[in-house]
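Have a look at the sequence and the structure, then read on.

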Amino acid sequence: MPHSARTDGLILGLLEKWNGEVELLSIAANQNESVQMIEEAAKARAIPRVLIDARHVVADKYDAMTTPHVFVLDREGLLRYRGAVDDITFRRREATQFFLREAVESLLKGRVLELNETPAYGCTIVREI
């Protein structure tokens with residue numbers, strides 16, 4: 001299963017668990033993906049809404065480098081976590097840490113995050129074609 005499809009399913013499951021307390025803004029920033037390709041992928045992965053950032057305005061603002069690359073903002077809009085969804089990499093095939101879940105659940109409980117950044121893992125965002 002492609003990394004983004006795997007993480008999409010994980011994130012959608014977490015959103016259900018968080019019961020409306022968390023909002024997902026899924027952003028497509030690959031310049032080589034057409035609107036039709038994005039819509040088809042979103043439908044196939046059951047992603048309710050995908051914002052298109054073809055000029056990389058948002059990706060550049062947050063220094064997004066890969067897909068997926070997650071950013072957790074608190075209720076005041078402050079960036080509290082950036083990086084990978086979990087610790088799966090090319091060499092580690094099974095997750096042992098779920099960074100996104102840990103970050104969001106700490107914020108929901110009013111706790112300070114122990115970890116606020118990890119290296120993102122995924123395919124590089126295509127900025128030029």
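Predicted model: local features only at pLDDT ≥ 70, side-chain atom pairs only at ≥ 80, totals over all residues.

The side chain of Arg75 joins that of Glu21 in a salt bridge, with 3.7 Å from N to O. Glu21 sits in the loop between helix 1 and strand 1 (26-28), while Arg75 sits in the loop between strand 4 (70-73) and strand 5, so the pair ties together parts that are 54 residues apart in sequence. As for Glu21, it is partly exposed, with a relative accessible area of 48%.

How many salt bridges does a search of the whole structure find? It turns up 8. One of them brings together the side chains of Lys17 and Glu105, at 2.8 Å from N to O. Lys17 belongs to helix 1 (residues 3-18) and Glu105 to helix 4, so this pair ties together parts that are 88 residues apart in sequence.

Arg82 is buried, with a relative accessible area of 16%, and Glu117 is partly exposed, with 46%.

## Asp86, tucked into a loop

Now for Asp86, which lies in the loop between strand 5 (79-83) and helix 4 (99-108). Its relative accessible area is 3%, so Asp86 counts as buried, the limit being under 20%. What does the side chain of Asp86 make a polar contact with? The partner is the side chain of Arg6, at 2.7 Å. A polar atom of the Asp86 side chain also lies 3.1 Å from the backbone nitrogen of Ile88.

Leaving out residues up to four places away in sequence, Asp86 touches Arg6, Leu10, Ala95, Gln97, Phe98 and Phe99. Phe99 is also one of the buried residues of helix 4, along with Leu100, Ala103, Val104, Glu105 and Ser106.

## A pocket beside helix 4

Rolling a probe the size of a water molecule over the atoms shows where empty space is left. The second largest pocket holds about 150 Å³ of space. Which element gives the largest share of its lining? That is helix 4, with 4 residues. The lining is made up of Tyr81, Phe99, Glu102, Ala103, Ser106, Arg111, Val112, Leu113, Glu114 and Leu115. By type, these residues divide into 6 nonpolar, 1 polar and 3 charged.

After helix 4 comes Gly110, with a positive phi near 75°.

Ser26 is part of strand 1 and counts as buried, at 18% relative accessibility. Not counting residues up to four places away in sequence, Ser26 touches Ile47, Arg49, Val50 and Leu51.

Thr124, in strand 6, counts as exposed, at 57% relative accessibility. Apart from neighbours within four places in sequence, Thr124 is in contact with Asn30, Met65 and Thr66. Thr124 and Tyr62 are 62 residues apart in sequence, and their C-alpha atoms are 14 Å apart in space.

Most residues other than glycine have a negative phi, and most peptide bonds are trans. Where does this chain have a cis peptide bond? It joins Thr67 and Pro68, with omega at about 0°. Pro68 is in the loop between strand 3 (66-67) and strand 4.

Asn19 has a positive phi, near 50°, although it is not glycine. Asn19 is in the loop between helix 1 and strand 1 and is exposed, with a relative accessible area of 66%. Ala46 has a positive phi as well, of about 60°. Ala46 lies in the loop between helix 2 (35-45) and strand 2 (50-52) and counts as exposed, at 52% relative accessibility.

Conventions:
Residues numbered from 1 in each chain as written. Heavy atoms only, no water. Helix = DSSP H or I, 4+ residues; strand = E, 2+ residues; numbered from the N terminus. Buried < 20%, exposed > 50% of the residue type's maximum accessible area, 1.4 Å probe, protein only. Polar contact = N/O pair within 3.5 Å; in protein donor to acceptor, adjacent residues only side chain to side chain. Contact = heavy atoms within 4.5 Å. 1 Å grid on protein atoms, 1.4 Å probe; cavity = no way out; pocket = protein on both sides within 12 Å on 5 of 7 lines; lining within 4 Å. Points joined across faces, edges and corners; volume = space filled by probe spheres on them. Nonpolar A, V, L, I, M, F, W, Y, C, P; charged D, E, K, R; others polar. Salt bridge = Lys/Arg side-chain N within 4 Å of Asp/Glu carboxyl O.
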